[in-house]
Amino acid sequence: MKRFSIGSANALKKHCFKTLFPKTRLSHTSNRFYSTSNIPPPSPPPLASSNTKMLGGFLAGALLASGVVYYQMDSELDVNKDSCTVPLDLAGTPKYCDPKSEQFHMAIVEIQKVLFDETDCWSITPSELDAHSDSYFNTHHPLPDQRPNIVVYPKTTEQVSKIMAICHENYIPVIPCSGMSSLEGHLIPTRHGVSIDFSKFMNKIIQLDKANLDVQVQAGVGWEMLNDYLGDNGLLLGVDPGPNAMIGGMVGTSCSGTKAFRYGTMKENVINLTVVLADGTVIKTRRRPKKSSAGYNLNGLFVGSEGTLGVVTEATIKCHVLPKFESIAMIPFNSIKDATECVTDIVTNGMILNAMELMDNNMMKIINESGQTERHWEEKPTLFFKIGGQDEKDVDHLASKCKEFAEKHNNLTFEFAKDDDEKLELWSARKVALWSTIDTARKNDPESRVWTTDVIVPISNFPRFMEETKKDADDSGLLATMVSHAGEGNSHFFYCYSKKDKPIVEKLVHNMIKRAIALEGSASGEHGCGVGKREYVLEELGEAPIALMRKIKFSLDPHKILNPDKVMKIDMHEPKYD
Ligand SMILES: Cc1cc2nc3c(=O)[nH]c(=O)nc-3n(C[C@H](O)[C@H](O)[C@H](O)COP(=O)(O)OP(=O)(O)OC[C@H]3O[C@@H](n4cnc5c(N)ncnc54)[C@H](O)[C@@H]3O)c2cc1C
């Protein structure tokens, strides 16, 4: 924002007016904009020095005469302009274009023109609007009226850029969507607006570069399809999140999965991104070297930003060479303590496995009961290892080392797959874990919901965290199962509950996250914040880092249109959700 002398209050007023209501809308008044809360704007915060106080007082008087909106916005800009952070109480209340207004309607017509008025490029059918707001797996749900006003399906980065420019110009919220498998209420349209869905048309593999081990793809490419394609080329993708997840959303949440122990999370697997910024500017974060010290790490800025800083249209992703030999070991233990201590021992001894997964006795029992696998499993806490290498000898050597560690920690048996069928069979138990839990819960109560959790602790604290949390889960009397990306200390307890038991689950989840944070862990290992984890991330990191994130958000998205209310609060008086 420009600086103004005391005598230029009118200039300041004009400037604020222009900033807030661009040219085309100068004749409109604030009734064209709506705030989702009816709470009056916050009073201006105190100004620091006596000179600034005088200036503040003068401007306040001048601006009050011409309308509260300008005054409020001015104080917001003024207060935050010299500060490196934006605390929530100084963030102001965002204003968005009223969906019932003529202006909104005209903006949508403009967007439809960008999409060449092709009717398969947008939708306002209730089922589509519902599908772009929520999913069964979400821990938080939208209120009945929280739906996007329209879903658009662009075909090119250029179209996305034009759509963003229109939304930016008209203060219309935008929610980028890809596979819609996120879990923390990431897609709740708290402020309505436009959902941009990449899955329908922007789902192409652009180029595989085997010589450089990377692949360039559009945002709507699904990871399963991509992994199959890479597999045909002797390669693999380093991450494996939920079913149907797609590159745009995987970048959005910085996902990982069972393979991250070996190949890293999405953060480590992105080489470059094509991003459309809030105002429609298109950037490429960098070229194609595996590493670069040239400038800020823009990949790091956008990966994990949950659609709040920019819209990803393309990405170049690392590929990894498929291990020539890989097998599965399955190792049941009598207790979670033994199983987790075995994991920490293996990790701290520097053994590199391709995956280290753990399931608890309840999960093994439910997999048996669901009949989703052919085999009957021992109903004990069980470790599943993927052990790979360039020749069979490497694999056998690693497996025998794992067996030694398992014996040191009182394993019951050690089963190592002898052929491909056995490999598939042993890994099948891990693959059906969540579905089996849901099936069982729904048999008992068709209305049953599942709360999928996701916390991570440093590996040395993993055994303690798991023992205490498992005890809480068992004591709760609810159907509770657990899977864990154990090699990283990342675990998911699945709590099944009926509506009346929701407070019990909320308390269990609350205690679990508090425990993880107290053990120097994180409220989210891989699912992200959405709306559901924001208060915990605040506790985990403290006020200042979150206020810095808010500053970054407001700098990159000054009209606050990109996936509002996710990652961090941007408004003290934000709308409620379920
Ligand atoms: C059964 C099940 C199992 C799961 N297991 C795992 C697991 O093991 N590991 C794991 O990490 N996750 C897991 N998940 C969670 C989920 O699959 C991941 O978070 C995944 O990365 C989400 O991708 P998506 O394409 O579905 O994203 P979406 O749900 O579409 O979006 C996720 C976020 O990214 C943003 N976004 C979407 N597209 C774009 C874009 N083009 N540009 C910018 N932002 C965008 C959205 O606004 C949103 O905030 C699981 C989910 C389910 C349902």
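Trainee: At what angle do helix H13 and helix H16 pack, and how far apart are their axes?

Mentor: In this predicted model, helix H13 spans residues 361–370 and helix H16 spans residues 433–444. Their packing angle falls in the range of 65 to 115 degrees that counts as roughly perpendicular, so H13 is roughly perpendicular to H16. The angle is about 70°, and the axes are 9 Å apart.

Trainee: Which residues of H16 meet H13, and what classes does the contact hold?

Mentor: From H13 the contact takes Met-363, Ile-366, Ile-367, Glu-369 and Ser-370. By class, the contact of H13 with H16 has four nonpolar, four polar and two charged residues. The residues on the H16 side are Ala-433, Ser-436, Thr-437, Asp-439 and Thr-440.

Trainee: Are H17 and H18 roughly parallel or roughly antiparallel to each other?

Mentor: Helix H17 (residues 462–475) and helix H18 (residues 502–518) pack with their axes 11 Å apart, at an angle of about 170°. Angles over 145 degrees count as roughly antiparallel, and H17 and H18 are therefore roughly antiparallel.

Trainee: How many nonpolar, polar and charged residues does the contact of H17 with H18 have?

Mentor: H17 contributes Phe-465, Glu-468, Thr-469, Asp-472 and Ala-473 to this contact, while H18 contributes Leu-508, Asn-511, Met-512, Arg-515 and Ala-516. Sorted by class, these give five nonpolar, two polar and three charged residues.

Trainee: Why does the ligand lie between domain 2 and domain 3?

Mentor: The shell around the ligand consists of 36 residues, the closest being Gly-242, Gly-248, Gly-249, Gly-252 and Gly-307. Residues of this shell come both from domain 2 (95–322 + 544–578) and from domain 3 (325–527), so the ligand lies between these two domains.

Trainee: Which element gives the most to the shell around the ligand?

Mentor: Strand S5 (174–177), helix H8 (247–253) and strand S12 (311–318) are the elements that each give two or more residues to the shell. By class, the shell has 18 nonpolar, 15 polar and three charged residues. With five residues, the element that gives the most is H8.

Trainee: Does Gly-300 count as buried or partly exposed?

Mentor: Gly-300 lies in helix H11, which covers residues 298–302, and its C-alpha atom is separated by 9.6 Å from that of Ser-254, 46 residues apart along the chain. A residue needs 20 or more C-beta neighbours within 10 Å to be buried. Because Gly-300 has 13 C-beta neighbours inside 10 Å, it counts as partly exposed.

Trainee: What percentage of the residues of the chain count as buried?

Mentor: The chain has 20 helices and 21 strands. Among its 578 residues, the share that counts as buried is 48%.

Technical notes
Residues are numbered from 1 along each chain as its sequence is written. This is a predicted model: local features need pLDDT of at least 70, side-chain atom pairs count only at pLDDT 80 or more; totals for chains, interfaces and linings use all residues. A residue is near a molecule or strand if its C-beta atom, placed from the backbone, lies within 6 Å of it. Helices (H or I, at least four residues) and strands (E, at least two) are DSSP runs, numbered from the N terminus. Ala, Val, Leu, Ile, Met, Phe, Trp, Tyr, Cys and Pro count as nonpolar, Asp, Glu, Lys and Arg as charged, and the others, Gly among them, as polar. Domain bounds come from an automatic or database domain assignment. A residue is buried if 20 or more other C-beta atoms lie within 10 Å of its own, exposed if 12 or fewer, and partly exposed in between; C-beta atoms are placed from the backbone. Axes are lines fitted to C-alpha atoms, for helices over the stretch in contact, and angles run from 0 to 180 degrees between N-to-C directions. Angles under 35 degrees count as roughly parallel, over 145 as roughly antiparallel, 65 to 115 as roughly perpendicular and the rest as oblique. Two residues are in contact if their C-beta atoms, placed from the backbone, lie within 7 Å.
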